[in-house]
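Subject: Two-chain model for you to look at

Hello,

Here is the structure I promised to pass on. Please open it alongside this note, which goes through what turned up.

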Amino acid sequence: MTDLTGDIARLGMSRRRILQAALLAGPGAMALAACARADSSTPTGTAASGAATLQIASPTNPVKWPINPGNEAIASGLSPEKDAVLRLYNYADYLDPGIIKSFEEKYADTGVKVELSTFNDTLEAMAKIRGGSVPFDIYFPSYDQIGKLVLANLVRPLQHSYIPNIANVYPEFLNPFYDMEWQYTTPYTLYTTGIGWRTDRVTEDIAARPNPYDVFWDPQYQEHLAVLDDYREVIGMTLLRNGGTDVNTGDDALLAAVRDALLQMNEKTQPRVTITGYTDLPEGRLDLSQAWSGDLIMAVSYLPEGVDPSILRYWFPKDGAGVVNNDVMVSLKGGQNPVLSHLFINHVMDAKEAMNNFAYTGYQPPQVSLTPEKLISDGFIPPNLQEAIVLPGYFDSGYRLLELPPDIEAKYLAIWQQFKAGA
Amino acid sequence: MAKRSQRFLWPALAIPSFAWLALFLAIPFYVVLCIAFGQVDPIFRTSIPAWNPLDWRFDQFAITLDRIFGANNFYLPPITRTITYVVTAVIISLIIAFPVAYFTARYAGKRKGLVLVLLVAPFWISYMMRMLAWVNLLQTDGIVNSVISLGGLLPVEVNWLSGKPYTVVMGLIYGYVPYMILPLFAALDRISPSLLEAARDLGASGFDVFRRVVIPMSIPGIAAGMLLVALPMMGDYFTSDLLSGSPDTSMIGNLINGTIQTPGQSGQAAALLLLVLLVLAAPMFLYTRTVARSETRS
């Protein structure tokens, strides 16, 4: 009996402690952020109405994030940390080990060691960063997490004086809608979402179809195709296929049509749901796949010996009206090496390093020196994959997968779950 | 003094196993309960476990039940699918395992040990690796297809890996059949040959002996084997993931895995898990009861 009450008392205690921790890490930070927002009277975005709300940045509603009190950018001209371990947090196969090596060599006098940890998806990564058990310095998310990162006070504003290489990237990234005046982010890679296929297995020219997205519902490709294991990409693609133009819609009728279409897709073509298309396609496990542009460029190096790279094709709408996105680099507040973080971010944007990284990952950096003509004439990308090159104009014509308000996100996830359950 | 220390010796020996159970079973189980009955962070959509049972709410459970039995019951297809796959796989496993166990027990003689080791040997390799090997064998241009088509003579091209239920069932059988063979072997090995001889002496035909002596006496082994393979099969998700990857063959395990990875739904995943556990506890309970009874009988 006494044991039981003791247990409950102890549980109550730990619960209180956990609540406190949660208050410090989560809602507390949110409240702070909300105050900060109210105080600094942000010029754009929805004003915080008492309770903490998540601001949604979009091209029509660009956001300048608040600088949370006590989280100002570091001073310029500081010398880098000595004998530090710089901790990077990124997807697997998404950073050239050569960059790490060249950074360590360049700053050898500081004794810096770079340690790369990887995650499978950004949801998992976010949970770990919020948990705070590892002091990661640099994180490579998509821009749709910036709102949450700022709200929870997990990112550090950048001191621009350390990052002269920003001049190497497309000028729109000096003032992107998701982070006006690049207070927190620098761009990492660009990619479009389209369709990849093998011309030796698929005889028709998918690009010539009036609506190429229809291939995912075409029974002749039954069992030989895949869609990406990414709920935003698949639902976004289905919205476009249904004639929509808003890939972030919360409209119930449109989303119901998406759900019906996805269940129909399951019935007609039984697609695989995977993000390993960049090996499955070249190795012959798939004939056709929804794909990111970088996947097809990477796929070339996974082709079995003796297979001609010209069998790979990628389609993205000619007019650029498809899904186009970019990933970013942020310096995390929990990291112990703010100066080295800045230096590393700058290093990645160096023209030569960025090019090496492109060669390794297949994902294109937004370097101004990279022109499509040059990529093809240098033999960097085979002509049959030229549609996998991301053109700067795509960022005006394309659709971007934005952060979703939690209620709409829940609707998307419900559709995705039903699709994946094979219902 | 010696007596005193002995009184504490046996309970003390049990401490490690109790600590183990508490650390790796009871506490995680309590966490699952707290997540199933907890709440969801409105912005990050991570779960907020309710550590105090007085704060437990049944929202997540209600949502889960609604998705199984309600109007839009999309949890139901993976559940019925899993039951179909598991029942099929268990029956086929039994058909495969029984003769193997029977002949090992009765006719392997001195080489019993060797046969058993050989049967178990492939399972020293991790389950994942063996499934990946099957992925290679079953590719459209893989060995299995070239054998079936007699090296390309016959126009056979089965696309095994593209969401075929039979591939998943085959994977399940291959993966778990040793767990059927071993308890069956143990049961059959225990049947004394003199009982079988007595049956023959009393005029039973070979088939009668099998039907009226061997089968009834191996029932505990059959039950144990069926349970041992059915339980992990019910929760398996990577067989379907690796050998199919299509939503058309999603099983309960895939549903739970997908739900955990979906922001804001770990509560529902925990609720699903508890429901599966409740359902699986019934046969487990029945099994332990029959075992206890048969042990008291013998």
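The expected span of a helix is 1.5 Å times one less than its number of residues. Keep that in mind for the helices below. One caution before that: this is a predicted model.

**Helices of chain B**

Helix 3 of chain B has 32 residues. From first C-alpha to last it reaches 46 Å, close to the 46 Å expected. There is a kink in helix 3, though. It is about 25° and lies at B:Ala97, shortly before the proline B:Pro99. Just after helix 3, B:Gly109 takes a positive phi of about 55°.

Helix 7 of chain B runs over residues 165-190. Its 26 residues should span 38 Å at 1.5 Å a residue, and the end C-alpha atoms are 37 Å apart, so the two agree. Where does helix 7 of chain B bend? At B:Tyr176, by about 45°. A proline follows within four residues there too, namely B:Pro178.

**Where the chains meet**

The contact between the chains involves 32 residues of chain A and 31 residues of chain B.

B:Phe74 is worth a look here. It sits in the loop between helix 2 (59-69) and helix 3 (76-107) of chain B. Setting aside residues up to four places away in sequence, B:Phe74 touches A:Gln418, A:Ala421, A:Ala423 and B:Arg67. Is B:Phe74 buried or exposed? It is buried, because 21 other C-beta atoms lie within 10 Å and the cut-off is 20 or more. B:Phe74 and B:Val156 are 82 residues apart in sequence and 35 Å apart in space, C-alpha to C-alpha.

**Chain A and the cores**

Chain A has 14 helices and 10 strands. Of its 423 residues, 47% are buried.

The largest nonpolar core has 107 residues. A:Ile138 and A:Tyr139 have the most contacts inside it. Domain 2 (85-188 + 327-374) and domain 3 (191-323 + 400-420) of chain A both give residues to this core, so it lies between them. Beyond its neighbours within four places in sequence, A:Ile138 is in contact with several residues, among them A:Leu88, A:Tyr89, A:Met329 and A:Phe344. A second, separate core has 50 residues. B:Phe74 is one of them, and the core also includes B:Ala101, B:Met226 and B:Ile252.

Most residues other than glycine have a negative phi. Two exceptions stand out here.

- A:Glu223 has a positive phi of about 70°. Its place is in the loop between strand 5 (185-198) and strand 6 (225-227) of chain A. A:Glu223 is buried, with 20 other C-beta atoms within 10 Å.
- A:Gln270 has a positive phi near 40°. Its place is in the loop between helix 7 (252-269) and strand 7 of chain A. A:Gln270 is buried, with 23 other C-beta atoms within 10 Å.

B:Gln60 is in helix 2 of chain B. It counts as buried, with 24 C-beta neighbours inside 10 Å. Neighbours within four places in sequence aside, B:Gln60 is in contact with B:Ala36, B:Gly267, B:Gln268 and B:Ala271. The C-alpha atoms of B:Gln60 and B:Pro232 are separated by 25 Å, and the two residues are 172 apart along the chain.

B:Asn257 lies in helix 11 (residues 252-261) of chain B. B:Asn257 is partly exposed, with 19 other C-beta atoms within 10 Å. B:Asn257 and B:Arg45 are 212 residues apart in sequence and 17 Å apart in space, C-alpha to C-alpha.

Best wishes

Conventions. Residues numbered from 1 in each chain as written. Chains lettered and ligands numbered in written order. Predicted model: local features only at pLDDT ≥ 70, side-chain atom pairs only at ≥ 80, totals over all residues. Contact = placed C-beta atoms within 7 Å. Core = buried A, V, L, I, M, F, W, Y, C linked by C-beta atoms within 7 Å. Buried ≥ 20, exposed ≤ 12 C-beta atoms within 10 Å, placed from the backbone. Domains from an automatic or database assignment. Helix = DSSP H or I, 4+ residues; strand = E, 2+ residues; numbered from the N terminus. Bend = angle between axes of the 7 residues up to and from the residue.
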